[in-house]
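Please look at the sequence and the structure before reading the answers.

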Amino acid sequence: MPEFAALTPEALADRIADRAFALPAPAVVAVDGADAADPVRFARTVADRAVGHGRAAAVIALHDFVRPASLRYEFGRTDELSYRTAWFDYAALNREVLQPLRDHHRYLPALWNERTDRAARAATRATPPNTVLFVAGPMLLGRDLPFDLTVSLRMSDAALRRTTPEADHFTIAALRAHEREHPDEPDITVAWDHPGRPALRLR
């Protein structure tokens, strides 16, 4: 197994951008990480480098593809099994984003508004043929989704407990259970306990 190599946050984003924007178009990149890792923000940092590579890019937040609260909270607001299996609509992500992007160069940017618990009413967006779409959020690996490149922002239990709001600590057990059940090895693993001092491992 390759060793982790320390590098600056800027160099990390550059390395991942080099891999992502070298993919045949259109392409989809997963940025898998707990909410505490802020994978959406990191995905946007990489996507911002698209112009320098002569590509177009967009970012999808998995939290815009949650299921309605009646399904998420059917067994309570802190049920770890529900968080793993009923919280996010991975099938809709594939149906509304990944497949339309590949087949028709368009995608739906959001399905459900988590804050208002209503349909997002977002319009489908057309994309240039050379688009790289970044999908960011928790537990993306192990879902049989057709990603072209997978990036995992890995955090230790101690780091997750330190950076996750106490009300959301139940999600830590869910994340670890999902990893045990779906030990998929990402293409790129990032040690992310200290985002200002990341380390990189390539598969």
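This is a predicted model: local features need pLDDT of at least 70, side-chain atom pairs count only at pLDDT 80 or more; totals for chains, interfaces and linings use all residues.

Q: Which residue of β11 stands opposite T189?
A: T189 has R201 as its opposite residue in β11.

Q: What makes β10 and β11 a pair?
A: Four bridges link β10 and β11 in the antiparallel sense, and since at least two bridges are required for pairing, the two strands therefore qualify. On its part, β1 is joined to β11 by two bridges, also antiparallel, which meets the requirement of at least two; in this pairing A6 stands opposite A199.

Q: In which sense does β8 pair with β3, and in which sense does β2 run beside β8?
A: β3 pairs with β8 (residues 131-137) in the parallel sense over six bridges, and β2 is likewise joined to β8 by six bridges and runs parallel to β8. A136 of β8 takes part on both sides, being the bridge partner of A61 and standing opposite V31.

Q: How do you know that β8 is covered on both faces?
A: T131, L133, V135 and G137 on one side are buried, and so are V132, F134 and A136 on the other; each of these residues thus has under 20% relative accessible area. Seven of the seven residues of β8 are buried. In a regular strand the side chains alternate between the two faces of the sheet.

Q: Which residues touch the most other members of the largest nonpolar core?
A: The core holds 61 residues, among which L93, F134 and V190 touch the most other members. The element that gives the most to this core is α5, with six residues. Leaving aside neighbours within four places in sequence, V190 is in contact with residues including F4, L12, I16, V151, L153, P198 and L200.

Q: Why are the buried residues of α1 said to line one face?
A: The buried residues of α1 are L12, A13, I16, A17 and A20. Viewed down the helix axis, they fall within an arc of 130°, so they line one face of α1. Among the elements that cover them are α2 (39-47), β9 (149-154), β10 (188-191) and β11 (199-202).

Q: Why is D193 called partly exposed?
A: D193 has a relative accessible area of 26%, and because this value lies between the cut-offs of 20% for buried and 50% for exposed, the residue is called partly exposed. D193 is placed in the loop between β10 and β11, where it touches R154, M155, S156, A159 and R162, not counting residues up to four places away in sequence.

Note on methods:
Residues are numbered from 1 along each chain as its sequence is written. Side-chain values use heavy atoms; hydrogens and water are left out. A nonpolar core is a set of buried Ala, Val, Leu, Ile, Met, Phe, Trp, Tyr and Cys residues joined through side-chain atoms within 4.5 Å. Buried means under 20% relative accessible area, exposed over 50%, partly exposed in between (1.4 Å probe, protein chains only). Contact means heavy atoms within 4.5 Å. The arc is that of the directions from the helix axis to the C-beta atoms.
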